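This report covers helix packing, nonpolar cores and a few selected residues. Please keep the model open while reading.

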Amino acid sequence: MTTSREIRLKSRPVGVPTADNFELATVELPTPGPGEVQVRNSWMTVDPYMRGRMNDVKSYAPPFQLGEAMQGGAVGEVIVSNDSAFTVGDAVQSFFGWREAFNAPAAAVQKLETHGLPPQAFLGVAGMPGMTAYVGLLKIAALKDGDVVFVSAAAGAVGQVVCQIAKLKGHTVIASAGGAEKVAYLRELGVDHVIDYKAETDLTGALLRAAPDGIDVYFENVGGAHLEATLTAARPFGRFALCGMISQYNDTDLGAGTRGLIQIVGKQLRLEGFIVSSHYDVLPAFLADMSGWIAQGKVKWRETVEEGVENAPAAFLKLFKGENLGKMLVKLS
């Protein structure tokens, strides 16, 4: 038997989640059955979208169940195999995060070819967040020559990649982030103009000063005041890729809504929301491009790491306080 600790959803949060919504449990894993493998995770991810899965509502992903281990991306190593496709020591990735180890059908895990990258990169720059940046900027926003690009939450897991792809393709990039450390990091990445939204009393004014002639593409991660500012700063026929609106994930009602939506009509703007899992047709192109950019030193990344599965809830909660620089990860023993 293998002992594993896991994080379960204890209760459904109302508004901002707290530590009381989670519980740590210990389970014993039997020897995997025929066609199964046993995996010990080395890294897991926490992501803002997981907040939506804590609500008991129908959405693009099923809700987490009370009293059961939560789910999310993870990378680890096969420690027992009862399937000919895997051998002990194989690096794998799965959606069985929030736990130290697990048994699963072999078809539920994928072998991980790292190509010289650290395995946790496939939870960030070379994984779902990186592909979200790639799809949103190049496919949804349809980046084209001469575009001025604005990115909110630009020092986060997705935003840091959006900024770099836009820069390596020769575009002017304006980024928003909170705090001096994040501002310095974005300048290190070569972003043209960085707005510290925590230091600004007038976000719209700050964006207009950075882009006096307007912006063409907005990569939306925040919502709220950022979306309102961009509606004002957008040029006619601007394109918005709506990836997330973290400022509103914990709202308990729809509130007053976003001001300035009437500008969508007059400026003939296109706003399109997207979920990256609907665009896996792009995966081969993303992996080819991203691996090449990393090898050429054109894409860098930062990570914020918490250690131990028991600290996964704290890592998750830090996302909503902006306490992560780059990808938030949990390192498992």
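A crossing is left-handed if the near helix is turned anticlockwise from the far one by less than a right angle, and right-handed if clockwise. The model is predicted: local features need pLDDT of at least 70, side-chain atom pairs count only at pLDDT 80 or more, and totals for chains, interfaces and linings use all residues. Residues are numbered from 1 along each chain as its sequence is written, and side-chain values use heavy atoms, with hydrogens and water left out.

## Helix pairs

H1 passes H2 in a right-handed crossing. Helices (H or I, at least four residues) and strands (E, at least two) are DSSP runs, numbered from the N terminus. The H1 and H2 axes come within 8 Å and cross at roughly 50°. Axes here are lines fitted to C-alpha atoms, for helices over the stretch in contact; angles run from 0 to 180 degrees between N-to-C directions. H1 and H2 are therefore oblique to each other. The classes are roughly parallel (under 35 degrees), roughly antiparallel (over 145), roughly perpendicular (65 to 115) and oblique for the rest.

Contact means heavy atoms within 4.5 Å. On the H1 side, Gly130, Ala133, Tyr134, Leu137 and Leu138 meet Val161, Val162, Ile165 and Ala166 of H2. By class, this contact holds 8 nonpolar, 1 polar and no charged residues. Ala, Val, Leu, Ile, Met, Phe, Trp, Tyr, Cys and Pro count as nonpolar, Asp, Glu, Lys and Arg as charged, and the others, Gly among them, as polar.

H4 (residues 203-210) and H5 (residues 225-233) form another pair, packed at about 45° with axes 9 Å apart. H4 and H5 are therefore oblique to each other. H4 also passes H5 in a right-handed crossing. Leu203, Thr204, Leu207 and Leu208 of H4 meet Ala225, His226, Ala229, Thr230, Thr232 and Ala233 of H5. The contact of H4 with H5 has 6 nonpolar, 4 polar and no charged residues.

## Cores

A nonpolar core is a set of buried Ala, Val, Leu, Ile, Met, Phe, Trp, Tyr and Cys residues joined through side-chain atoms within 4.5 Å. Buried means under 20% relative accessible area, exposed over 50%, partly exposed in between (1.4 Å probe, protein chains only). The largest such core has 49 residues, and Val125, Leu137, Val151, Cys163, Leu186 and Met290 touch the most other members. Elements giving two or more residues to this core include helix H1 (128-140), strand S8 (148-151), helix H2 (159-168) and helix H7 (283-295). H1 supplies the largest share, 6 residues.

Leucine 137 has contacts beyond four places in sequence with Ala142, Leu143, Val149, Val162, Ile165, Ala166, Val217 and Phe219.

How enclosed is H2 by the rest of the structure? It is largely enclosed, because 8 of its 10 residues are buried. Gly159, Gln160, Val161, Val162, Cys163, Gln164, Ile165 and Ala166 are the buried ones. Just after H2, glycine 170 takes a positive phi of about 90°.

## Selected residues

The table gives relative accessible areas.

| Residue | Relative accessible area | Class |
|---|---|---|
| Serine 152 | 0% | buried |
| Asparagine 221 | 10% | buried |
| Arginine 187 | 55% | exposed |
| Histidine 115 | 69% | exposed |

Serine 152 sits in the loop between S8 and H2. Beyond four places in sequence, serine 152 is in contact with Ser176, Tyr218, Phe219, Glu220, Asn221, Val222 and His226. Asparagine 221 lies in the loop between S11 and H5. Leaving out residues up to four places away, asparagine 221 touches Val151, Ser152, Ala153, Val158, Gly159, Cys243, Gly244, Met245 and Ile246.

Arginine 187 belongs to helix H3. Arginine 187 and glutamate 307 are 120 residues apart in sequence and 29 Å apart in space, C-alpha to C-alpha.

Two residues other than glycine have a positive phi. Histidine 115 is one of them, with phi near 50°. Histidine 115 lies in the loop between strand S7 (110-111) and H1. Glutamine 268 has a positive phi near 55°. Glutamine 268 is in the loop between helix H6 (263-266) and strand S13 (270-273).
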